[in-house]
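Subject: Structure handover

Hello,

Here is the structure we talked about. Please open it beside this email and follow along.

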Amino acid sequence: MIEAVGLTKRYGDKTAVYNLSFQVRPGSVTGFLGPNGSGKSTTMRMILGLDNPTSGTVTIGGYPYRKLPNAPRQVGALLDAKAVHGGRAARNHLLSLAQLSGIPARRVDEVLAVVGLQEVAGKRSKGFSLGMGQRLGIAAALLGDPQVLLFDEPVNGLDPEGILWVRNLMKSLAAEGRTVFVSSHLMSEMALTADHLIVIGRGQLLADMSVKDFISANSADFARVRTPDTEPQQREKLTAALTEAGGHVLPEQDGALRVTGLPLPRISDIAHDTDVRLWELSPHQASLEEAYMRMTQGAVDYRSSIDQKAGLMQPLPPGVQPPVPVPGQGQPGWYAPPPPQQQGGQPFSMPAQPGQPPTGPYTAPPAPSAGQQPNPYTQPGPQDQAPVPAAPPAQAPAADATAAADPTKSEDAR
C-alpha cells in the first residue's frame with residue numbers, strides 16, 4: 001500500500017504539491033487524475049524517492065522507498081519511457097537492470113514476451129517508436145515481479161491493440177492483489193480501467209473516491225427531448241409545461257431540449273397531457289470525462305482562448321444572420337451539447353433564410369449584386385463559370401506582371 005500524509009513540495013516560491021494525503025490500496029486499479037501542472041508527476045517522483053518532499057511523508061508498505069530492502073523487487077515504475085540508453089539493445093537494457101537487482105536473466109526473456117518485444121530484443125532502443133518504448137518501460141517495471149506498480153501515462157503512443165493490452169494487464173495485476181497506481185489524461189481509458197480515483201488540482205486533493213461515486217457526485221444526468229422541427233409552438237408549449245412542473249430546461253444548438261430535474265416517465269406524461277408530440281426522449285448518462293471537467297474546471301492553469309482571427313474575419317453574406325448564443329452558455333455547470341446533425345450532406349451549413357440560398361463552407365458563394373465587384377479569392381461554382389477572356393496584350397509592364405502573379409503581396413511589396 002502507498003500512503004501519503006501531508007505531502008508538500010516547493011520549488012523556490014512555487015508550490016507544486018501542498019498538504020496532500022491519500023492511500024493507494026492493493027487489489028484495485030487506482031487512477032491518478034489532474035490537469036497539466038497539477039503535481040501528479042512530482043507526487044510520483046516523491047513516492048519513488050527521486051524528489052525529497054519539503055514536508056510530509058510518503059511510504060510504501062510502511063517504509064520510505066529508499067529504506068525498502070531491494071526496492072526494485074518490491075516496486076516497479078514507469079515514469080519516463082525515454083529513460084533508456086539509445087545505443088543499448090532492449091534485452092541488454094533489461095539485463096543490466098536485472099543484474100543490479102539480483103534478478104535471474106531468464107526473467108528478462110519472460111517480460112520481453114509479456115510486452116511483445118521478443119522479436120526486437122536485439123535491436124537498439126533508439127530506433128524504437130513511442131509505443132515500443134512504452135512497452136519496454138512496462139517490461140522494466142514488471143522485471144522484479146513487484147507487488148506495487150506505478151505507471152505514468154502507460155498508453156501514450158500505443159495503438160488500439162496495445163491500449164487494450166495495457167488495460168487488461170492493469171486489471172490482471174490488481175486482481176492478483178497488487179497495488180496499481182496509474183496516471184493518465186485519457187478519461188475513456190480511466191473509466192474502463194480504474195476502480196478508484198485520486199484527483200488533484202494545483203497540488204491539492206480534490207477527490208478520493210470510487211469511479212462510480214465520483215461520476216455521481218460531479219455530474220448530473222439529463223433527458224434529451226425533441227419536438228417536431230416544423231412546429232416550434234409545440235416546443236415552446238412543452239418548455240413552459242416542464243418548467244412549471246419543476247424541471248430545468250436548456251435549449252441545444254440543434255433544436256432539442258436538455259431537461260434536468262424530472263424523470264423520463266414524468267416528462268412523457270407532461271408531453272401527453274399538453275398534447276405535444278415527441279420525436280425524441282432519451283436519457284443521457286454522465287461520463288467520467290464530463291464529471292472530471294466539471295470538478296477541475298477551476299483548477300486548470302493552462303487554458304486556451306478563442307482565436308479572434310483579427311483582421312481575417314470576412315463579412316457575412318447578405319441575408320445571413322450571425323449565430324444566436326445559446327441561453328445558459330458560459331454559466332457554471334453548462335456544457336456544450338453534442339454537435340448538430342448533418343443535413344443534406346452539407347456539414348455546418350446554416351439554414352437558408354426565405355428567398356436566400358443556403359450558405360456554408362462547402363457551398364458556392366452568392367453571386368455579386370449589381371455594382372459589386374466579385375471576390376478574387378473565391379473559387380467560382382459550375383454555374384459561375386464565365387467565358388474565357390481574351391488574351392491580355394503581349395507587352396505588359398514587369399511590375400504589373402509580378403503583382404498579377406502574386407495578388408497576396410501588399411502594395412508596399414509591389
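Which residue in β13 does R226 stand opposite? The residue is E280. Keep that pair in view as a starting point. One caution before we go on: this is a predicted model.

**The sheet**

R226 belongs to strand β10, which covers residues 222-226. Five bridges join β10 to β13, and the two strands run antiparallel. Now step back to the whole sheet. It is open and has four strands, in the order β11-β12-β10-β13. The pairing is antiparallel.

Look at the edges next. β11 (248-251) and β13 (280-284) stand there. Each has a single partner strand, so one side of each is left without a neighbour in the sheet.

Helix α8, residues 232-244, touches β10, β11 and β12 (257-260). The direction of α8 makes about 150 degrees with that of β11. Helix α9, residues 264-273, touches β10, β12 and β13. The direction of α9 makes about 160 degrees with that of β13.

**Helix α3**

Move to α3, residues 106-115. Which of its residues are buried? They are R107, V108, V111, L112 and V115. These residues cover an arc of only 140 degrees around the axis, which means they lie on the same side of α3. What do they pack against? The partners are α2 (90-101), α4 (130-142) and α5 (160-175). Just after α3 comes G116, with a positive phi of about 80 degrees.

**The cavity**

Helix α5 turns up again here. How many cavities of 30 Å³ or more does the structure hold? The count is one. The largest cavity has a volume of about 80 Å³. Its lining is made by P154, V155, I163, V166, R167, M170, V182, S184, E189, M190 and T193. Two elements give two or more residues to this lining: α5 and α6 (187-193). Which one gives the most? That is α5, with four residues.

Best wishes

Conventions. Residues are numbered from 1 along each chain as its sequence is written. This is a predicted model: local features need pLDDT of at least 70, side-chain atom pairs count only at pLDDT 80 or more; totals for chains, interfaces and linings use all residues. Side-chain values use heavy atoms; hydrogens and water are left out. Two strands pair if DSSP finds at least two bridges between them. Contact means heavy atoms within 4.5 Å. Axes are lines fitted to C-alpha atoms, for helices over the stretch in contact, and angles run from 0 to 180 degrees between N-to-C directions. Buried means under 20% relative accessible area, exposed over 50%, partly exposed in between (1.4 Å probe, protein chains only). The arc is that of the directions from the helix axis to the C-beta atoms. On a 1 Å grid over the protein atoms alone, a cavity is a set of points where a 1.4 Å probe fits but cannot get out, and a pocket is an open set with protein on both sides within 12 Å along at least five of seven lines; lining residues have an atom within 4 Å of a point. Grid points are joined across faces, edges and corners, and a volume is the space filled by probe spheres set on the points.
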